[in-house]
Amino acid sequence: MRHILFLEGSPRHGNTEQVTDWIAAGIGKGVKLTRIRLVEQNIHECRECFGCAESKKAAGCRQDDGMLEIYDLMVDADLTVFTSPIFCWGVSGITKVCLDRCFALLTGEDLLKGAKWAVVLTAGGDHFDGADLAVEMFSRLARFAGAKLAGRHVVANCPDGRKLKNNKAIQQAAKEFGKELGKALKD
Ligand SMILES: Cc1cc2nc3c(=O)[nH]c(=O)nc-3n(C[C@H](O)[C@H](O)[C@H](O)COP(=O)(O)O)c2cc1C
């Protein structure tokens with residue numbers, strides 16, 4: 001069975017999670033979904049020790065924390081979807097910590113080469129209040145990692161709470177994006 005991993009970077013059960021629920025519903029049956037809320041994992045900042053560079057066949061990070069399981073899941077997954085709210089013209093702090101730690105997968109044998117990634121962002125402002133920069137960051141990082149950015153979904157001017165839940169247009173667009181992700185698994 002194909003496997004999609006969601007690395008969910010919002011600190012709250014809010015807009016990004018709601019949009020992700022709709023996307024997951026759009027993917028349909030027959031695909032294994034693993035959803036990881038990053039703030040609930042015990043993960044710490046990259047310490048720049050470059051221990052990962054000494055290991056050719058595995059992530060090789062010297063830190064013994066929740067990233068070890070995430071490394072295995074990322075290598076196993078057919079598609080990894082990073083989800084995040086836009087905070088201060090970038091991704092959330094925990095998403096950034098996770099991405100920095102993913103550097104361990106880029107040393108040695110390039111464990112992410114050929115991987116598929118997608119990004120889901122919600123933003124209170126418009127596209128140019130940081131979502132544009134975050135998409136560009138993911139796009140360049142994926143290229144550096146040898147991964148393919150197979151999809152991007154930005155909900156700009158994102159309404160909050162009940163207003164978001166009742167917004168049929170945003171719901172429909174998210175479900176459509178989920179369908180696209182399902183198709184991207186076959187490419
Ligand atoms: C600390 C903080 C910083 C934010 N910075 C931005 C920003 O730079 N640009 C933007 O468009 N929205 C910004 N927002 C709004 C959030 O991106 C938006 O409300 C988002 O949908 C929240 O997602 P969540 O409910 O999943 O946490 C910020 C919100 C917070 C709490």
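Start by selecting the ligand: 18 residues surround it, and the closest are Gly14, Thr16, Pro85, Gly124 and Gly125. Helices (H or I, at least four residues) and strands (E, at least two) are DSSP runs, numbered from the N terminus. What classes of residue make up the shell around the ligand? There are seven nonpolar, eight polar and three charged residues. In this scheme Ala, Val, Leu, Ile, Met, Phe, Trp, Tyr, Cys and Pro count as nonpolar, Asp, Glu, Lys and Arg as charged, and the others, Gly among them, as polar.

Two quick notes before you move on. What you have open is a predicted model, where local features need pLDDT of at least 70, side-chain atom pairs count only at pLDDT 80 or more, and totals for chains, interfaces and linings use all residues. Residues are numbered from 1 along each chain as its sequence is written.

**Stop two: strand β3**

Select β3 next. Is this strand mostly covered or uncovered? Mostly covered: eight of its nine residues are buried. Buried means that 20 or more other C-beta atoms lie within 10 Å of a residue's own; 12 or fewer makes it exposed, anything in between partly exposed, and the C-beta atoms are placed from the backbone.

Now look at its partners. Two strands pair if DSSP finds at least two bridges between them. Strand β1 (residues 2-8) runs parallel to β3 over five bridges; to see one, pick phenylalanine 6 and its partner valine 81. Strand β4 (residues 90-91) is antiparallel to β3, with two bridges, and isoleucine 86 is partnered by valine 91. β3 and β4 form a hairpin with two residues between them, and cysteine 88 in the turn has a positive phi of about 45°.

Select β5 (residues 116-122) and β6 (residues 148-155), which pair in the parallel sense over seven bridges. To get from β5 to β6, the chain passes through helix α4 (residues 127-145), a right-handed β-α-β crossover. Right-handed means that, with the strands pointing away from you, the path from the first strand over the helix to the second runs clockwise. Click threonine 122 too: its bridge partner in β6 is valine 155.

**Stop four: the core**

In soluble globular proteins, nonpolar side chains tend to be buried together. The largest nonpolar core here has 49 residues, and those with the most contacts inside it are Ile4, Val81, Leu105, Trp117 and Ala118. Such a core is a set of buried Ala, Val, Leu, Ile, Met, Phe, Trp, Tyr and Cys residues joined through C-beta atoms within 7 Å. Zoom in on isoleucine 4: leaving aside neighbours within four places in sequence, its contacts include Ile27, Leu33, Ala77 and Leu181. Contact means C-beta atoms, placed from the backbone, within 7 Å.

Pick lysine 183 in helix α6 (residues 168-184). Draw a distance from its C-alpha atom to that of glycine 125: they are separated by 30 Å.

Notes:
Contact = placed C-beta atoms within 7 Å. Near = placed C-beta within 6 Å.
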